[in-house]
Amino acid sequence: MSVRYPRPLRPGARVGITSPSSGVGDEVRARFDVAVGDLRARGYEVVVGHCMDGTGHVSAPAVDRAAELVSMMTDPGISAVVPPWGGETAIDLLPLLDWDRLRDADPTWLVGYSDMSTVMTPLTLLTGTATLHGNNLMDTPYRVPEGLLSWLDIAAAPQGRPLTQRPPERHRASDGADYRTRPEVRDHVLDTVGRWTRLDAAEDVAVEGRLIGGCIETLCNLAGTAYLDVPAFARAESPDGVLIYVEAAGDDAFAICRNLHGMRLAGFFDAANAVLVGRTSAPDAPSLTQRQAVLDALGPLGVPIIADVECGHVPPFLPLVNGARGRVVHTATRSELTQTLD
């Protein structure tokens, strides 16, 4: 198995929208319409699936969500599939997905983050199909700060072209816009200064490896299963090591510490050349901060650990391609991540 990259998005390409986890309620339907309109304004044809209901925590029964996702991912006329956002229990899809059919089909971009990690990361590990961790549909209308790329920029890039992103060194610490009252919002309020921080040491970092990772709260439940066998992927696709990224969505520092310990004991980090940790607004615990939780669990790896990367739930977003070759540079004056789709 080798990493397979979907064909670049071109004007006229079809983008499928389905909700493998949570759907879209009536109260935010206007934001959904704005996001769909933006895709169409860029020249893409949009196909909205049936699994979109937002009245519960999932958009449809698991068997229906799995069938619609596989149908879109294996449709040769659809070039990318993007959900409105994540959710909570996409884990129920994994035994229902037709992995052989996904493996045999031409690759299609699957985009998203948060609970979408539950599907995207196994898809890359089990089928070799690159997946795009970053924005989701409801984020797509936001303007991208200088230095970063949108998921559409990456999905449209030719294979083999290096894609370099540099942090804008500003992020949003306040609550986000309320889509119910401002469905048309296009600008993040980046109200706080902050840059990448190496947690384990002070030395400069320059490290390479294929990228793989996702949301801690969802991936930790797959640790030790066939759906999250990163060591096997590393042996086959990146024998010199991988770059792992993780991010905390909302769990407190005690929960994140336990989850990362469990993932490490299950071998998730065994092939890591470095670990990138997404900036988080998740709460500290009374005697343990989020950074301390990461160091407690991952310090024994003995590899660089770089925190406050824009790959989590705190805007802005630095999209990462699971399976891409990556190079990370971090010094006192320079931070950047370059991905190459090869």
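Which side chains meet in a salt bridge of 2.8 Å, N to O? The side chains of R143 and D187 do. A salt bridge here is a side-chain nitrogen of Lys or Arg within 4 Å of a carboxyl oxygen of Asp or Glu.

## Basis of the model

This is a predicted model, in which local features need pLDDT of at least 70 and side-chain atom pairs count only at pLDDT 80 or more, while totals for chains, interfaces and linings use all residues. Residues are numbered from 1 along each chain as its sequence is written, and side-chain values use heavy atoms, with hydrogens and water left out.

## Two domains

The chain is split into domain 1 (14-161) and domain 2 (164-341), with bounds that come from an automatic or database domain assignment. Taken over C-alpha atoms, the centres of domain 1 and domain 2 are 21 Å apart. Contact (heavy atoms within 4.5 Å) links 45 residues of domain 1 with 46 residues of domain 2.

Between them, domain 1 and domain 2 bury about 3,800 Å², and 63% of this lies on carbon and sulfur atoms. Buried area is the accessible area (1.4 Å probe) that two parts lose on being put together, summed over both. In domain 1, the residues that lose the most area to domain 2 are L125, H133 and Y142, together 19% of what that side buries.

## Polar links and elements at the interface

Two salt bridges are found across the interface of domain 1 and domain 2. The interface also has 15 residue pairs in polar contact, both residues at pLDDT 80 or more. A polar contact is a pair of N or O atoms within 3.5 Å; within protein, one must be able to donate a hydrogen and the other to accept it, and residues adjacent in sequence count only if both atoms are side-chain atoms.

On the side of domain 1 that touches domain 2, at least two residues each come from α1 (29-41), α4 (117-127), β5 (131-133) and α5 (151-155). With seven residues, α4 gives the most to that side. Helices (H or I, at least four residues) and strands (E, at least two) are DSSP runs, numbered from the N terminus.

## Strand β6

Strand β6 (residues 162-165) has L163 and Q165 on its covered face, and P162 and T164 on its uncovered face. In a regular strand the side chains alternate between the two faces of the sheet. Strands β6 and β16 (residues 335-340) run antiparallel and are joined by four bridges; two strands pair if DSSP finds at least two bridges between them. Opposite Q165 stands L337 of β16.

## Backbone features

P315 and P316 are joined by a cis peptide bond, with omega about 5°. P316 is in the loop between β13 (305-309) and β14 (320-322).

E169, a residue other than glycine, has a positive phi near 65°. E169 lies in the loop between β6 and β7 (170-171) and is partly exposed, at 33% relative accessible area. D308 is not a glycine either, and its phi is positive, about 65°. D308 belongs to strand β13 and is buried, at 13%. Buried means under 20% relative accessible area, exposed over 50%, and partly exposed in between (1.4 Å probe, protein chains only).

## Residue R65

R65 is in helix α2 (residues 62-73) and is buried, with a relative accessible area of 1%. Its side chain is joined to that of D92 by a polar contact of 2.6 Å. Leaving aside neighbours within four places in sequence, the residues in contact with R65 include S19, C51, T89 and L93.
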